[in-house]
Amino acid sequence: MTWTNFIFFAIGSIICWTLASILIYKQKYKKISNILFLLGIAILLTFIILFWQNLKRPPFRTIGETRLWYSFFITLVGYITYKIWKYPWLIIYTSIVGIVFLIINLVKPEIHSQTLMPALQSLWFIPHVTAYIISYSMLGAATIAGIILLIKIENKKQDIKLENLIDNLVYIGFGFLALGLLMGCLWAKEAWGHYWSWDPKETWAFLTSTAYLVYIHSRLHKINIKISLWILIISLILLCITWLGIDYIPSAQSSIHVY
Amino acid sequence: MNKDKRKIWQQPWSYKESLVIVLGIIIVGFSLQTTIGGFNFYLLSFPFNIYIGIGIILFSVLSSIFKRKAFFKWLTSVHLSVSLLIAITLLALIMGITRQEAIPLNEKANIFHLLGFNQMTSSWAFVLIYSLILISLGSIISKRKPAFSKKYLVFILNHLGLWLLLFSSGLGYADMNRYIMYVEVGETEWRVFDKEQKVEELPIAIQLNEFTIEEYIPKLAVINKKTGEVQPSSKPQYYQIDTNTKEETNLFGHKIKLVEYIHNAVRNSDRTFKEVPMKASTPAALISVKGKTQKTEWVSSGSSVQFPQSIDLDSTFALVMTPPETKSYISNVDVYTKDEEHLQGDIRVNHPMTIGSWKIYQYGYDNNMGKLSTYSSFELVYDPWLRLVYIGIGMIFLGSIFLIIFGINYKK
């Protein structure tokens with residue numbers, strides 16, 4: 001399985017998720033919608049596994065490959081949280097995000113070589129990247145929920161259940177974020193001799209984590225929730241810069257993490 | 001929100017006061033920076049870091065004794081925590097968008113240099129906020145009553161872990177030493193270069209027995225013979241040689257098929273290759289090309305002692321092999337210390353060797369010579385605080401796993 005076959009799988013997943021989103025609010029078709037949504041995830045996972053076998057190395061290296069995982073995990077996380085909290089919009093929003101990332105990979109596929117430089121050949125490689133991708137999916141979903149809550153508050157509606165959902169997603173997402181960061185430290189120590197060297201990517205990872213800590217601690221004393229929600233949105237923007245935007249920051253061109 | 005009608009600076013202090021004080025500290029930091037310059041971390045080297053550490057711990061204990069006093073209440077309040085977190089986030093943000101380097105020689109210092117933006121971690125504002133985080137966090141930890149509960153367990157793992165990490169990495173920085181050692185194959189070396197490129201002698205000697213490089217199978221590409229550009233120039237296309245499938249592929253309008261591949265090849269006198277396992281060898285492939293012309297010829301990327309060989313496709317384009325990428329480089333060494341310790345083994349990237357408080361890393365080799373490099377270089381790192389750092393990391397690691405398992409429910 002190579003990148004040229006991706007289009008068939010991507011279209012399969014996109015069709016499944018689109019239909020699932022259309023049907024999710026129709027009581028009669030709820031079950032079919034669920035099955036379609038899971039089928040979309042399964043199709044994508046099949047591609048990832050076959051692609052991995054063909055590459056003979058884990059597909060975690062290029063931005064294109066991490067986008068693949070992001071589509072997979074955001075929909076998976078969306079489904080699990082939907083099952084727990086029963087908000088149908090979770091299916092629709094995570095579908096949209098998953099589809100957007102698949103389309104970006106179709107329009108702008110990056111060159112996927114099989115080689116892996118020595119520094120990346122490490123036991124930490126897979127768990128480090130996986131933890132980050134899961135965390136990004138959780139925090140992405142939390143922000144979507146945050147925006148919905150903000151709109152509800154503007155319309156003078158309260159939703160304690162949704163507040164709890166957001167906090168829960170942030171706690172779990174932050175847990176994974178911290179794991180990703182710490183595994184990065186341990187890996188860096190083995191590969192480069194120091195666990196932290198304030199490389200631009202590391203600086204951004206640091207400030208993304210502290211931004212989420214601001215959110216978490218701001219919720220302890222229940223300040224105006226609108227302020228907390230805006231902190232959540234800003235944190236996600238910082239997170240996206242860390243993940244995707246570093247390549248475009250002039251001061252970060254010397255980073256060893258630009259790829 | 002009726003109770004919020006108190007005036008600013010009236011106790012108990014809340015967000016307003018906390019933010020103003022934190023901002024004040026940053027301003028003090030910037031003033032210090034412009035008048036006396038950056039903070040010198042080497043002032044913190046042993047034993048001064050120990051004194052400061054003891055001071056911070058004593059202060060934290062003190063604040064737990066006086067926890068009912070308004071000032072200590074504020075010092076351990078969520079309001080100050082959030083304000084400090086905002087401050088460190090903003091300082092890191094400045095750091096993330098400013099180039100972190102000394103002022104270039106041909107440039108005059110501008111306002112950002114004067115404020116220390118270009119070397120943020122040793123700027124006074126950063127150091128002061130970092131220290132206040134240590135003090136506040138330490139006080140928060142010592143104030144909290146230990147309890148056998150999920151809530152306390154998660155709290156202590158994450159907060160004490162973070163405190164240990166910040167404490168040992170910040171105060172231990174000055175005690176860490178890094179050196180680079182270059183060793184010729186077959187030789188023993190104990191002289192190193194320090195951070196300032198000065199030569200020093202270490203209590204450690206490395207004998208390099210063998211240095212080997214493994215390379216990946218290279219790729220093929222079509223280039224413009226005049227410009228050397230890989231085609232199509234807008235979106236260069238590469239074909240990864242695959243010895244398993246030997247499928248026919250289309251590369252920039254030419255059908256190419258792998259007939260034979262030799263990883264360690266040496267050229268015969270007639271543009272053909274044979275397998276010779278030696279360091280000066282080069283990868284070579286016999287390729288059949290179907291396009292305007294049909295031919296089956298050898299292509300090779302060449303090495304530092306063998307010329308590359310391409311296949312002419314027409315008057316403008318040629319098929320070439322890219323230089324192979326490095327898969328791994330391994331130094332087989334014997335390491336001796338003054339305490340008569342002796343270790344033998346391989347050192348490669350991601351697989352350092354540990355001996356006492358030292359770690360030895362594979363650093364580099366002669367890139368121009370590639371497989372024929374006659375030396376290997378190592379980075380030797382001495383960090384007596386590392387164990388404390390790892391304990392901190394381990395605690396937060398566990399704390400994060402609990403956060404994932406319990407979510408927000410750990411509080412119940």
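**View 1. The loop of chain A that holds A:Lys156.** A:Lys156 sits in the loop between α5 (125–154) and α6 (160–192) of chain A; helices (H or I, at least four residues) and strands (E, at least two) are DSSP runs, numbered from the N terminus. Although A:Lys156 is not a glycine, its phi is positive, about 60°. A:Lys156 counts as exposed because its relative accessibility is 77%; exposed means over 50% relative accessible area, buried under 20%, and partly exposed in between (1.4 Å probe, protein chains only). The model is predicted: local features need pLDDT of at least 70, side-chain atom pairs count only at pLDDT 80 or more, and totals for chains, interfaces and linings use all residues. Residues are numbered from 1 along each chain as its sequence is written, chains are lettered from A and ligands numbered from 1 in the order in which they are written, and side-chain values use heavy atoms, with hydrogens and water left out.

**View 2. The loop of chain A that holds A:Trp198.** A:Trp198 lies between α6 and α7 (200–218) of chain A, in a loop. A:Trp198 is not a glycine, yet has a positive phi of about 50°. With a relative accessible area of 23%, A:Trp198 is partly exposed.

**View 3. A side-chain to backbone contact at B:Ser77.** B:Ser77 belongs to the loop between α3 (70–75) and α4 (78–97) of chain B. The B:Ser77 side chain reaches the backbone oxygen of B:Trp74 at 2.7 Å. Relative accessibility is 11% for B:Ser77, so this residue counts as buried.

**View 4. The cis peptide bond at B:Pro47.** The bond from B:Phe46 to B:Pro47 is cis, and its omega is near 5°. B:Pro47 is placed in the loop between α1 (15–36) and α2 (48–65) of chain B.

**View 5. The cis peptide bond at B:Pro232.** B:Gln231 and B:Pro232 are joined by a cis peptide bond with omega about -15°. B:Pro232 is in the loop between β4 (219–224) and β5 (239–240) of chain B.

**View 6. The helices of chain A.** Chain A has eight helices and zero strands. Its C-alpha atoms fill a box of roughly 55 × 45 × 30 Å along the principal axes. Of the 259 residues in chain A, 63% are buried. Among contacts (heavy atoms within 4.5 Å) in chain A between residues at least 6 apart in sequence, 76% join residues at least 24 apart.

Key: A polar contact is a pair of N or O atoms within 3.5 Å; within protein, one must be able to donate a hydrogen and the other to accept it, and residues adjacent in sequence count only if both atoms are side-chain atoms.
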